[in-house]
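Colleague: I would like to learn how to read a model like this one. Could you take me through it feature by feature?

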Amino acid sequence: MNERAGWENEAITRAINAEPWQPPPGMVKLQCLDCRFWFATADLRLMPRCVDCESQRQQRLARQEAEAAAERNHQNYRALLLRK
Ligand SMILES: [Zn+2]
């Protein structure tokens, strides 16, 4: 898919998404906190984020956790070196 077609699809999807629509039975309609996209979900334990933003958030959290772990390792290593 070229970039322009991708952008047009995105614009069309968002235009349709902005129209009033009803969620399927058993689901509720929520607006994504991050990108304002409306989506339907049956799982109310989730924070209101669309699939795209949620997966980006998970990746960001995983990266932050990895960085924090690396920092802890670094601190532990420094502490070990300083003890000698
Ligand atoms: Zn979103």
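Modeller: Start with one pair of residues. In β2, V28 has T41 as its bridge partner. Keep in mind that this is a predicted model.

Colleague: Which strands pair, and in what sense?

Modeller: Strand β1, residues 28-31, pairs with strand β2, residues 38-41. The sense is antiparallel, and the pairing runs over 4 bridges. Further along, L30 stands opposite F39 in β2.

Colleague: What should I expect of side chains in a strand?

Modeller: In a regular strand, side chains alternate between the two faces of the sheet.

Colleague: How many residues lie between β1 and β2?

Modeller: There are 6 residues between them, and the two strands form a hairpin. Look at R36 in the turn. Its phi is positive, about 70°, although R36 is not a glycine.

Colleague: Is R36 buried or exposed?

Modeller: R36 is exposed, because 12 other C-beta atoms lie within 10 Å. The cut-off for exposed is 12 or fewer. R36 is found in the loop between β1 and β2.

Colleague: Where does F37 lie, and what does it touch?

Modeller: F37 lies in the loop between β1 and β2. Leave out residues up to four places away in sequence, and F37 touches N17, C32 and C50. F37 is partly exposed, with 18 other C-beta atoms within 10 Å. A residue needs 20 or more to count as buried. Now take a distance. F37 and C53 are 16 residues apart along the chain, and their C-alpha atoms are separated by 9.7 Å.

Colleague: What about A42: where is its place, and which residues is it in contact with?

Modeller: A42 has its place in the loop between β2 and α2. Neighbours within four places in sequence aside, A42 is in contact with G26 and M27. A42 still counts as exposed, because it has 11 C-beta neighbours inside 10 Å.

Colleague: Let us turn to the helices. How do I check the length of α2?

Modeller: Compare the expected span with the model. At 1.5 Å a residue, the 33 residues of α2 should span 48 Å. The end C-alpha atoms of α2 are 48 Å apart, so the two agree.

Colleague: And what does α1 reach?

Modeller: Helix α1 covers residues 3-18, which makes 16 residues. From first C-alpha to last, α1 reaches 22 Å, close to the 22 Å expected.

Colleague: Now the whole chain. What pattern does it follow?

Modeller: Along the sequence, the protein chain reads α-β-β-α. That is 2 helices and 2 strands.

Colleague: What is the radius of gyration, against a compact globule?

Modeller: The protein chain has 21 Å, whereas a compact globule of 84 residues would be near 12 Å. The C-alpha atoms fill a box of roughly 70 × 35 × 15 Å along the principal axes. Of the 84 residues, 4% count as buried. Look at contacts between residues at least 6 apart in sequence: 0% of them join residues at least 24 apart.

Colleague: Where is confidence lowest, and where is it highest?

Modeller: First the general idea. Where pLDDT is low, the predicted coordinates should not be read in detail. In this chain, confidence is lowest in α1, at a mean of 84, and highest in α2, at 95. The chain averages a pLDDT of 89, and 95% of the residues score at least 70.

Technical notes: Residues numbered from 1 in each chain as written. Predicted model: local features only at pLDDT ≥ 70, side-chain atom pairs only at ≥ 80, totals over all residues. Expected span 1.5 Å × (residues − 1). Rg over C-alpha atoms; globule rule 2.2 N^0.38 Å. Contact = placed C-beta atoms within 7 Å. Pairing = 2+ DSSP bridges. pLDDT = per-residue confidence, 0-100.
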